[in-house]
Amino acid sequence: MYDFVVVGVGPAGARFARRAAERGHDVLALEQGTIGTPLACSGHVSTDVWSVTGEGAREELLQNEIYGARFHVGGPRSDAYPFYKREVASNVIDRVGLDRHLADLAREAGADVREQRSVTSVTEHRDRVEVVASGPDGPVTHEAKMVAGCDGPRSRVRQELNLPEPDELLHGVLAFSEEADHQDFVDVHLTPPTFFAWRIPRGEAGVEYGLAAPPGVEVTKHFEELIDGYEIDVARRCSGAIPIGPADRVTSRRAFLIGDAAAQTKPFTGGGILYGTTAADHAAREIDPDRPTSLAAYERAWREDLERDQRLGHWIRRAYSLPEPVQRLGLSALSGEIGVHMDRPTSLVSPTHLKAMFSRLRP
Ligand SMILES: Cc1cc2nc3c(=O)[nH]c(=O)nc-3n(C[C@H](O)[C@H](O)[C@H](O)COP(=O)(O)OP(=O)(O)OC[C@H]3O[C@@H](n4cnc5c(N)ncnc54)[C@H](O)[C@@H]3O)c2cc1C
């Protein structure tokens, strides 16, 4: 019997598998397809990403360095309100490569990572869990002391165990144009209702255009308007779901959710790579597969770390739906140098940010 069966090998699953294996646990990680595919993510992350990667990752995965964002209340030709840092604020990375890299680290740590294994059922018993996965050899039942549901926004593990669904599931779309662009600003458009659209320069890998919005919003229509505004031809298109939480409960008797499955994302951007890997570290540290009661310590630890930022993130998101004149007024008053950490809205009251704000007031 395994200590942990991990369902899904995205950033959250790979990170948990690695950390649990490093602690000496016997870990089986199952991925339904080929790790990293299909792509449905911008890979725009804070520089903290390099704290979860291994040797050579930055050279291999970095596509561009970003210093700030230009906010627009209308399309590409509307006024831009820049927010920026003096140092690199974020990185654009090869997301498919990141997933493969993190999975390799899990393998090196001793986890048994298998692709083309789709989990179809999860059953909790008093002393174990049974996880059925279909693969090249047909359905196979694996037994473990615990199961980690790291299977993304539409989590099968969450569904099988009747754990609460995320409050909201946004629909995100992406498309790419091929010209190289090394600019160090992303563009953010507050035009789609209740969320936003973006343009990300990805260095030699081209330019990405994206948009996310809740169900009911005509995502395709708004996206076409964005593309038309930029007057470019886009090639590859893809889309994915973005869960917005926090979820009320992410653990059951012998199971726990991490990452998008647990809606551990930023409500004001939808970004979840760093929140998922951070929660994976809490899970690996707190959960003892021989003590189901230790699941409560994981619930406590990840909430203590991330929930305040998630709650503040909801407030920031509300600003996306303010009337346009109010948005323009707010953006023009607040734009300029900032000291906010992109994953931590609570850093709005950090000394670094306050110093950046007050330095603008100096004559
Ligand atoms: C359009 C878009 C843009 C985004 N941009 C950013 C960004 O710039 N920065 C950022 O931080 N975040 C971004 N995100 C969010 C980010 O992609 C997620 O938060 C992140 O991927 C969550 O990682 P995860 O490991 O929890 O889930 P996932 O990355 O979704 O991984 C889950 C894995 O589980 C596998 N799986 C699912 N079901 C099963 C099953 N039954 N059996 C076995 N395997 C299964 C899937 O194939 C997948 O590999 C974006 C999301 C979207 C949709």
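## First stop: helix α1

Helix α1 is mostly covered, with 10 of its 12 residues buried. Keep in mind that this is a predicted model. From first C-alpha to last, α1 reaches 16 Å, close to the 16 Å expected at 1.5 Å a residue.

Now select the buried residues of α1: P11, A12, G13, A14, R15, F16, A17, R18, A20 and A21. What covers them? Among the elements doing so are β1 (2-7), β2 (27-30) and α3. Also included are β11 (138-149), β17 (255-257) and α6. Step past the end of the helix to G24, whose phi is positive, near 90°.

## Second stop: the ligand

Show the ligand next. Which of the 35 residues around the ligand come nearest? They are E31, H44, R95, V119 and D260.

A backbone N or O atom of P11 lies 3.2 Å from a ligand oxygen. At A12, a polar backbone atom is 3.0 Å from an oxygen atom of the ligand. Then select D260: here a polar side-chain atom lies 2.7 Å from a ligand oxygen.

Select residues 95-109, which form helix α3. This helix has 15 residues and reaches 21 Å between its end C-alpha atoms, close to the 21 Å expected at 1.5 Å a residue.

Look at the N-terminal end. D94 caps α3 there, with a side-chain oxygen 3.1 Å from the backbone nitrogen of V96. Just after the helix, G110 takes a positive phi of about 115°.

Which residues of α3 are buried? Select R95, V96, G97, L98, D99, H101, L102, A103, L105 and A106. R95 is also one of the residues that come nearest to the ligand. The cover over the buried residues of α3 includes α1 (11-22), α2 (57-61) and β7 (90-93). β8 (112-114) and α6 (273-286) belong to that cover too.

Select residues 185-189, strand β13. Five of its five residues are buried. In a regular strand the side chains alternate between the two faces of the sheet. In β13, F185, D187 and H189 point one way, and V186 and V188 the other way.

Five bridges join β13 to strand β5 (residues 68-72), and the two run parallel. D187 stands opposite R199 in β14. The hairpin of β13 and β14 has six residues between the strands, and T194 takes a positive phi near 60°.

Select S42, in the loop between β2 and β3 (44-46). Is S42 buried or exposed? S42 counts as buried because its relative accessibility is 11%, and the cut-off for buried is under 20%.

Show side chains. S42 makes a polar contact of 2.6 Å with the side chain of E208. Another, of 3.3 Å, joins the side chains of S42 and W198. Setting aside residues up to four places away in sequence, S42 touches V92, I93, L174, W198, I200, R202 and E208.

## Last stop: a wider view

Notes. Residues numbered from 1 in each chain as written. Predicted model: local features only at pLDDT ≥ 70, side-chain atom pairs only at ≥ 80, totals over all residues. Heavy atoms only, no water. Helix = DSSP H or I, 4+ residues; strand = E, 2+ residues; numbered from the N terminus. Expected span 1.5 Å × (residues − 1). Buried < 20%, exposed > 50% of the residue type's maximum accessible area, 1.4 Å probe, protein only. Contact = heavy atoms within 4.5 Å. Polar contact = N/O pair within 3.5 Å; in protein donor to acceptor, adjacent residues only side chain to side chain. Pairing = 2+ DSSP bridges. Near = heavy atom within 4 Å.
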